[in-house]
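Hi everyone, thanks for coming. Today I'd like to walk you through one protein chain, from its overall layout down to a few side chains. Please have a look at it first.

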Amino acid sequence: MILNEAALISAGVQAGLFDRETVNRLRSQARISRQPLLSALSVELGLPITALYMALAQVNELPYARLDSWQLDAAAARLPATLLKRHPMVPLRTPEGKLYLAVSDPADQLGIETARRIFGANTPLAVVEPDAIAPLIARFAPGEARDTAAEEPVALFERLVRETLLRRASDIHIESVKDGVRVRLRIDGRLQAWGSLLPSSLGEGMISRVKVLAGMDIAESRATQDGGLSYPLGEGVDPVEMRCASAPVKFGERLTLRVMKSDPGRQTLDALGMPGFMVSRVREALSHPHGIVLVTGPTGSGKSTTLYAVLRELDANALNILTAEDPVEQVIAGISQVQVNSKVGFADALRSFLRHDPDIILVGEIRDFDTADVALKAAATGHMVLSTLHTNTSVGAITRLADIGCERFLIGATLHGVIAQRLVRMLCPHCRKERAASPEERLLLGCGDGDGDGNGAQDCLIHEPAGCPRCLGSGYRGRVGLFEALWLDADLTEHIANGAGERELSRAAGNFWRLRDDARDKVLRGVTSLAEVRPFLNLAS
């Protein structure tokens with residue numbers, strides 16, 4: 001049978017996801033709003049229902065079935081349809097070949113005993129969410145699908161959107177593959193499977209549903225399309241804005257949906273993970289009436305998020321702030337935001353901005369000489385300019401501007417500073433495990449070798465991921481930035497004007513805060529793991 005609400009809540013309390021006081025408080029609210037208590041708990045705590053089933057597995061000392069790697073066993077067809085109707089369960093094999101009976105209620109003795117007569121009396125149990133195994137059951141017992149065929153794609157997509165928000169995913173990938181349709185979510189920068197492989201009919205129905213909502217042509221499946229949708233989730237909840245792109249693939253179509261998040265409360269300079277002294281220096285740079293500040297890093301390193309956080313530091317009522325973006329990802333009140341397109345490029349928008357009496361100009365990205373030239377000249381003529389550049393280091397931004405044709409004296413005269421950044425996953429604070437660093441790790445982290453120098457193993461503690469229901473077993477929850485900041489002074493400006501290369505500029509800059517310094521600091525404070533930052537510890541910058 002499907003587990004009842006009380007048993008799941010009890011498991012959540014025992015696993016420490018919430019306490020009885022929270023449950024009692026939300027019970028009355030759920031009754032007033034006429035929604036299930038589990039839904040109220042899920043929204044209040046930002047946890048998907050999956051977390052409660054993981055808690056159930058934890059308190060029963062059972063594994064949670066990983067549908068992204070565990071495979072449906074061929075013997076599933078031997079389960080009677082009458083059994084599946086009241087006791088949803090499936091036999092699954094791990095990558096090592098071990099057979100488990102995956103059930104949603106480990107206390108369902110009747111269903112378990114019946115299934116064990118088929119698979120063996122000692123078949124071990126695993127816990128799984130019933131919604132996750134419904135597509136698996138539909139493969140070998142299609143008559144037992146819980147929803148009608150007409151309603152399935154609609155209900156499935158709504159559940160997917162809700163799960164996307166609760167899991168803090170940035171992208172949804174819906175891909176037609178040989179045996180069905182695969183759904184994956186990008187969470188904290190990593191792709192994770194969402195449930196099991198969907199039957200082709202159900203998955204294709206959901207793809208058509210999304211294309212209709214996004215204003216795409218559902219009859220066209222052999223060409224790429226772009227669209228967007230605003231998905232309502234009920235009263236009192238803002239619609240979810242998503243960009244959508246489709247592409248034809250070998251076995252059908254694939255869709256990628258980018259969730260356009262807007263959470264001003266969290267996206268502030270103080271919440272990015274930037275060291276306090278660096279935040280103060282950024283605020284100081286913003287107080288200048290003119291000049292340019294660049295944020296650099298590869299695609300997906302959080303540059304736009306940093307720039308939006310900087311914009312929120314500014315008084316939009318007292319300043320005229322104009323932005324040119326591709327695309328406009330977040331709408332900020334009081335700021336004029338221009339969407340760059342084929343008719344209006346970054347350089348065109350910048351030239352126009354100079355006729356609108358701006359105080360602050362944001363350029364989404366410097367891609368070419370024209371944009372860089374106009375940006376630097378705007379910074380030289382009394383405007384504060386903010387922009388991004390694709391370079392790996394802060395010093396590299398200076399040589400990059402010179403390489404695309406900008407005059408070195410202009411770079412040195414207008415550039416206030418460059419912030420380089422990356423994103424790494426944060427350890428889940430509820431399950432991270434502390435241990436002493438090894439000699440090689442202590443060397444990497446600058447803790448000494450532990451031979452009586454006061455910085456021994458006992459003084460160099462690091463943390464590793466473990467996995468719990470709160471982080472859905474990944475050991476990580478959320479991401480944080482690694483930052484380095486290069487601020488120009490008279491000496492560095494002179495080196496730039498004299499044509500110094502990257503190494504010379506780096507030496508002239510002296511002992512500034514680098515990516516590797518921030519990486520070490522965040523590992524030693526237990527913010528992230530050594531495995532996450534290891535690529536940055538040996539950077540030459």
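I'll go from the whole chain to the domains, and then to some individual residues.

A word on ground rules. This is a predicted model, where local features need pLDDT of at least 70 and side-chain atom pairs count only at pLDDT 80 or more, while totals for chains, interfaces and linings use all residues. Residues are numbered from 1 along each chain as its sequence is written, and side-chain values use heavy atoms, with hydrogens and water left out.

Let's start with the big picture. Along its principal axes, the C-alpha trace spans about 85 × 70 × 50 Å. The chain holds 20 helices and 19 strands; helices (H or I, at least four residues) and strands (E, at least two) are DSSP runs, numbered from the N terminus. Of the 541 residues, 49% are buried. Here buried means under 20% relative accessible area, exposed means over 50%, and partly exposed is in between, using a 1.4 Å probe and protein chains only. Now contacts, meaning heavy atoms within 4.5 Å: among those between residues at least 6 apart in sequence, 63% join residues at least 24 apart.

How is the chain divided into domains? Domain 1 covers 5–139, domain 2 covers 153–259, and domain 3 is made of 269–429 + 477–538. These bounds come from an automatic or database domain assignment. The centres of domain 1 and domain 3, taken over C-alpha atoms, are 47 Å apart.

There is also a record to mention. An unreviewed UniProt entry annotates residues 354–368 as "domain: Bacterial type II secretion system protein E". UniProt positions are given in the numbering used here, feature names are shortened, and annotations may be inferred rather than shown by experiment. In the model, that stretch is 0% helix and 27% strand, with its end C-alpha atoms 19 Å apart.

Now to helix H3, residues 37–45. Its buried residues are Leu 37, Leu 38, Ala 40, Leu 41 and Ser 42. What covers these buried residues of H3? The cover includes helix H1 (5–14), helix H2 (20–33), H4 and H8. After H3 comes Gly 46, with a positive phi near 65 degrees.

H8, residues 152–166, contains Glu 163. Is Glu 163 buried or exposed? At 7% relative accessibility, Glu 163 counts as buried. Leaving aside neighbours within four places in sequence, Glu 163 is in contact with Pro 48, Ile 49, Thr 50 and Trp 194.

On to the aromatic rings. A pair of aromatic rings is described by the distance of the centres and the angle of the planes. Rings of Phe, Tyr and Trp (its six-membered ring) pair if their centres lie within 6.5 Å; planes under 30 degrees apart count as stacked, over 60 as edge-to-face, and the rest as tilted. The whole structure has three such pairs. In one of them, the rings of Trp 70 and Tyr 100 are stacked, because their centres are 5.1 Å apart and their planes are at 25 degrees. Trp 70 sits in the loop between helix H4 (49–59) and strand S1 (71–72), and Tyr 100 is 30 residues away in strand S3 (residues 99–103). Trp 70 is buried at 11% relative accessible area, and Tyr 100 is buried at 13%.

Another pair, Phe 277 and Trp 513, is edge-to-face, at 5.3 Å centre to centre with 80 degrees between the planes. Phe 277 lies in helix H10 (residues 276–286) and Trp 513 in the loop between helix H18 (502–509) and helix H19 (515–524), so the pair ties together parts 236 residues apart in sequence. Trp 513 is partly exposed, at 24%.

H10 also holds Met 278, which is buried at 1% relative accessible area. Beyond neighbours within four places in sequence, Met 278 contacts Phe 483, Glu 484, Ala 485 and Trp 513.

Last stop, the largest nonpolar core, which has 38 residues; Leu 415 is among those with the most contacts inside it. Such a core is a set of buried Ala, Val, Leu, Ile, Met, Phe, Trp, Tyr and Cys residues joined through side-chain atoms within 4.5 Å. Its largest share, six residues, comes from helix H13 (residues 369–380). Leu 415 touches Ile 292, Leu 294, Ile 398 and Leu 488, not counting residues up to four places away in sequence.
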